[in-house]
Each structure stands twice: as C-alpha cells, then as structure tokens.
Amino acid sequence: MWSLVARRVARPTAPRAAASFSSLGTFDMPAQLANEPMKNYAPGSPERDALRRAITRLRERVHDVPCVVNGERIFTDEVVEQVCPSEHAHVLARVHQASSTLVNDAIEGALAARKAWAETPFEERAAIFLKAADLLSTKYRADVCAATMLGQGKNVWQAEIDAAAELIDFWRFNVKYAHEIYQQQPTESATGVWNRVEYRPLEGFVFAITPFNFTAIGGNLPTSVAIMGNVAVWKPTQ
C-alpha cells in the first residue's frame, strides 16, 4: 500500500546555484554501492520475526491513505476501499481520491519547486535517495514487505525481491548511473575553449503513473527523474 496519490518533489528552503562542480569539492559515488543482499526469512530468523510483527500490526486496523499534495496530507470525501486479494472480506485501507482541483494544485506545486530543485547540487539530490535506500534496507524493510504481501497478494520471497531488494537497488544504482551520465563530457576542445555539456532537467513536470502490483516501480518511476533534477506528480493505479 502506498500513501501518495499526487505529490511533488521536496522543495529546498532557498535556491542553490547550479553547478557541475560543487564549491566545496568534486564528489565521487560511495565505493560500496552493490546489489542489496536478499533476506531468506528462515524460521527463527530476525527478519522473519520482524515481518510477522509488521503483518500483524498492518492487519489490526483499516489505514486511511491520504493524498499528499505540496507536503500536506489531504483526506477527501471520495474514498475507495482496498481489500486483501486473498481475503476480500478484510479491508486493508481506505484510499482517498484526488479531485481535479487537487491534481492541479499538485501540478502547480511541482512547477513552483522546479527551479529550486533543478539548481540543487547533484550530490545533495543523490544523498537523499542513498539515504532512502539505507532506510528501506533496515528500518522500513519489514513494513514495506508486509504491506506488499497484504496489498498485492505476494508471498514473502516475491515481496523481498520487489519491495525491498529491487527498490533499494533502483535508488542506489539510479544515483550511480546519473553520476556516470554527468561525467560524459566532450573529450576535445578548441584552443582557448572549454567544450562541456550541461544536462538540464525538463521544462515541465513528469506525470508518473505506476502499476498497482509492483512496489519497486511505484518507488522508482517518480524518483528516477527527480534524481536528474526533475519534479514529478505521482499517481498509483488502482
């Protein structure tokens, strides 16, 4: 279950000067970037116990899933119930639907944040998603896997591959690949000229519609473009 219907990328408190090089140094990616090891969830293992607790906690109540627009959690009068695929009588969540007004607010907010986000140095944008990957790998792993199992009917191994390992790899390797793209520069310059390429974000916003049955794509589609300095409005499918 995902808690966002329409959102924009976080806005820095003040615009930052656009630069291919940071004023404090030229940064490389962390050397330890690697594919996320998958958990086995063997009987008696810590990850199995944590997952059981997360599943129990998520099943205990019906969760209200708001729209999140410009940082504000909005609960609307139009609600769709999400049931457990293997137990249709069990309602997992009440998903609040976005009106056309809310969608327009999200678009306007994204466009208002576009300049400041595009001018945020790449290493600062990258650090956000590397930290998100670390948090999903540890603190939020059981919760996201449990929500995927309950909301999409996946077993523990399918959830581990999708919601944990794949999304963690997306966030880490998207940063790595973005860094490699920025490093692709002309090898020749005329005398007295510095020939270089600047990779500019899109002029507008990205509308990301993600499938209902892949947690990793839900987390990847709107964020991959954000890493490159774009803003996005995210709409999960029902």
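To start with, how many helices and how many strands are there in the chain?

Modeller: Happy to. The chain has 6 helices and 7 strands. Please keep in mind that this is a predicted model. The mean pLDDT of the chain is 90, with 90% of its residues at 70 or more. The stretch to treat with care is residues 1–21, where pLDDT stays under 50. The model does have 62 contacts beyond four places in sequence for that stretch, but where pLDDT is low, the predicted coordinates should not be read in detail.

For your bearings, the elements follow one another from the N terminus as α-β-β-β-β-β-α-α-α-α-β-α-β. The C-alpha trace spans about 75 × 45 × 25 Å along its principal axes.

Now to the helices. Two packed helices are described by the angle between their axes and the distance between the axes, and each pair below can be read that way.

Let us take α5 and α6 to begin. Helix α5 covers residues 156–183 and helix α6 covers residues 215–227; they pack at an angle of about 20 degrees, with their axes 9 Å apart. That angle makes α5 roughly parallel to α6, and the crossing of the two is right-handed. On the α5 side, the residues that make the contact include Leu 167, Phe 170, Trp 171, Val 175 and Tyr 182. On the α6 side, Gly 219, Asn 220, Thr 223 and Ile 227 are among them. Sorted by class, the residues of this contact are 9 nonpolar, 6 polar and 2 charged.

Helix α6 also packs with α3, which runs over residues 122–137. Here the angle is about 155 degrees, and the axes are again 9 Å apart. Because the cut-off for roughly antiparallel is over 145 degrees, α3 and α6 count as roughly antiparallel to each other. In this contact Phe 122, Arg 125 and Phe 129 of α3 meet Thr 223, Ala 226 and Ile 227 of α6. The classes are 4 nonpolar, 1 polar and 1 charged.

The next pair is α1 (residues 46–59) and α4 (residues 141–152). Their axes come within 8 Å and cross at roughly 60 degrees, so α1 and α4 are oblique to each other. The crossing of α1 past α4 is right-handed. From α1, the contact uses Ala 50, Leu 51, Ala 54, Ile 55, Arg 57, Leu 58 and Arg 59. From α4 come Ala 142, Asp 143, Cys 145, Ala 146, Ala 147, Met 149 and Leu 150. This contact has 11 nonpolar residues, no polar ones and 3 charged ones.

Finally, a word on the strands around these helices. An open sheet of 3 strands has the order β1-β5-β4, with mixed pairing. Both β1 (63–65) and β4 (79–84) stand at the edges with a single partner strand each, so one side of each has no neighbour in the sheet. From one strand to the next, the twist averages 40 degrees. Strand β5, residues 87–96, pairs with β4 in the antiparallel sense over 6 bridges, and a hairpin of 2 residues joins β4 to β5.

Technical notes:
Residues are numbered from 1 along each chain as its sequence is written. This is a predicted model: local features need pLDDT of at least 70, side-chain atom pairs count only at pLDDT 80 or more; totals for chains, interfaces and linings use all residues. Side-chain values use heavy atoms; hydrogens and water are left out. Axes are lines fitted to C-alpha atoms, for helices over the stretch in contact, and angles run from 0 to 180 degrees between N-to-C directions. Helices (H or I, at least four residues) and strands (E, at least two) are DSSP runs, numbered from the N terminus. Angles under 35 degrees count as roughly parallel, over 145 as roughly antiparallel, 65 to 115 as roughly perpendicular and the rest as oblique. A crossing is left-handed if the near helix is turned anticlockwise from the far one by less than a right angle, and right-handed if clockwise. Contact means heavy atoms within 4.5 Å. Ala, Val, Leu, Ile, Met, Phe, Trp, Tyr, Cys and Pro count as nonpolar, Asp, Glu, Lys and Arg as charged, and the others, Gly among them, as polar. pLDDT is the predictor's confidence in each residue, from 0 to 100. Two strands pair if DSSP finds at least two bridges between them.
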